Amino acid sequence: MFTNKTVLDRYLSLPIPDNTTQCMYVWIDGTGEHVRAKTKTVDFIPKSPSELPIWNFDGSSTGQAEGSNSDVYLYPVALYRDPFRLGNNKLVLCETLQAQPQARRLMTLGPTDASRHTPCLGDHASSKREVLIKRKDVRWADPTSGIYLTLRACALHTNFRHTCKEVMDKAAEQHPWFGMEQEYTLLDSDQHPFGWPKNGFPGPQGPYYCGVGASKVYARDVVESHYRACLYAGVMIAGTNAEVMPSQWEFQVGPAEGIRMGDDLWMGRFLLHRVAEDFGINVSLDPKPIPGDWNGAGCHTNFSTLAMREKGGITHIEKAIEKLGSNHAHHIKMYDPNEGRDNSRRLTGRHETSSIHDFSAGVANRGASIRIPRQVAEEGYGYLEDRRPSSNCDPYRVTEAIVRTTCLD
């Protein structure tokens, strides 16, 4: 049962007051693979996430806190244009922080000041938040009560962006680039693959990969809408294609340097779920949504450093592969939200995958853990492709693990 989406246009076209912005805060929930969102109105047009107020949500309803201490803080870290509300409205990617606020009245805000959505205030009404590296110390004004809150906040246990950012900062001089290939499956409202016969299966795999035609691809309108939404929002989407299993698609994000890889892929996922919602279609990131002789879904991760991209870089690529092989078991744990249990259904050595138990590498070999593209082998520089991450991986954990292993160890 779906609402009439055309009626919504009537309300979205209504004018709103000048300098009023709807900011949709987006965060990763306790599953480590799904996103949540809610909207706040601010009376200015934000240019940077640091201008936006810290917000909170009920973590006991997202699998991120106990009911007795349920407040989890949303800390804005990246800003995107909103392709749904348009105008100056924003999408705000947030880290999640667990805090024990200590309230003390430093000053009383006047009626004018109290009406402002002031992001954070220090002793002298500074508009910038005071942040520590390991722990985040934030002076935050509640505009309704006029009370300053000193937040002694730590990254939540489900917040893997925090440590990823630290690692990317340490490796910044090596300029780590990533490109991630996000595979996903479109499902009907009954959780059956979209377009598949209700009481059977489509024909065997073969004609669907990069297919064209109504009998080979399904829901291309969702894919095209998502593509344009990413471009509008500012996500570094690089392309898209139909995958090997019918109703399975892929979009690529990158090349992105450092922390932006994780930020843009998470926002790209949010946009995918949100666009599909408008079409009454569900998105699955399960790495093996259909058992049997059907391809699973991964998130192949292309990686390089500046040294790898320069002449003679193949030597650095080979050294990185050796390090990745020595840490295979650790990476498998980092490459899906359930420490390899999800990926074990996909990494079987069949359907263009390596075995989860063994590490391998090869030129143009899609059955290996690490693939060296043929062009890279011939030219002697470029990048490697890690084919192990699952479709439901956390890109922060994946990229952090790769950089720790190849750049910092």
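User: Which residue follows α5, and what is its phi?

Analyst: This is a predicted model. In it, α5 is followed by G280. The phi of G280 is positive, near 70°.

User: Which residue follows α4?

Analyst: That is G234. Its phi is positive too, near 105°.

User: What does the check give for helix α4, residues 220–233?

Analyst: Its 14 residues should span 20 Å. The end C-alpha atoms are 20 Å apart, which agrees.

User: Which residues of α4 are buried?

Analyst: Buried means under 20% relative accessible area. In α4 these residues are V222, V223, H226, A229, C230 and A233. Seen down the helix axis, they fall within an arc of 130°, so they line one face of α4.

User: What covers the buried residues of α4?

Analyst: The cover includes strands β4 (71–81), β9, β10 (237–242) and β11 (248–257). Helix α5 (260–278) is also among the covering elements.

User: How many residues of α5 are buried?

Analyst: 15 of the 19 are buried, so α5 is largely enclosed by the rest of the structure.

User: Let us turn to single residues. Is V403 buried or exposed?

Analyst: V403 is buried, because its relative accessibility is 0%. It lies in helix α10, residues 395–408.

User: Which residues does V403 contact, beyond its neighbours within four places in sequence?

Analyst: A contact needs heavy atoms within 4.5 Å. V403 is in contact with V167, M168, A171, P176, F178, F303 and L408.

User: Where is Q174 found, and how far is its C-alpha from that of V403?

Analyst: Q174 is in the loop between α3 (161–170) and β9 (177–187).

User: Which residues form the nonpolar patch on the surface?

Analyst: V7, Y11 and L14 form it, with about 290 Å² of accessible area together. Y11 is found in helix α1, residues 5–12. With a relative accessible area of 48%, Y11 is partly exposed.

Note on methods
Residues are numbered from 1 along each chain as its sequence is written. This is a predicted model: local features need pLDDT of at least 70, side-chain atom pairs count only at pLDDT 80 or more; totals for chains, interfaces and linings use all residues. Side-chain values use heavy atoms; hydrogens and water are left out. Helices (H or I, at least four residues) and strands (E, at least two) are DSSP runs, numbered from the N terminus. Patches are made of residues with over 30% relative accessible area and no salt bridge: like charges are joined within 9 Å, nonpolar side chains (Val, Leu, Ile, Met, Phe, Trp, Tyr) within 5 Å. Accessible areas come from the Shrake-Rupley method with a 1.4 Å probe; for residues, only the protein chains shown count as cover. A salt bridge is a side-chain nitrogen of Lys or Arg within 4 Å of a carboxyl oxygen of Asp or Glu. Buried means under 20% relative accessible area, exposed over 50%, partly exposed in between (1.4 Å probe, protein chains only). The expected span of a helix is 1.5 Å times one less than its number of residues. The arc is that of the directions from the helix axis to the C-beta atoms.
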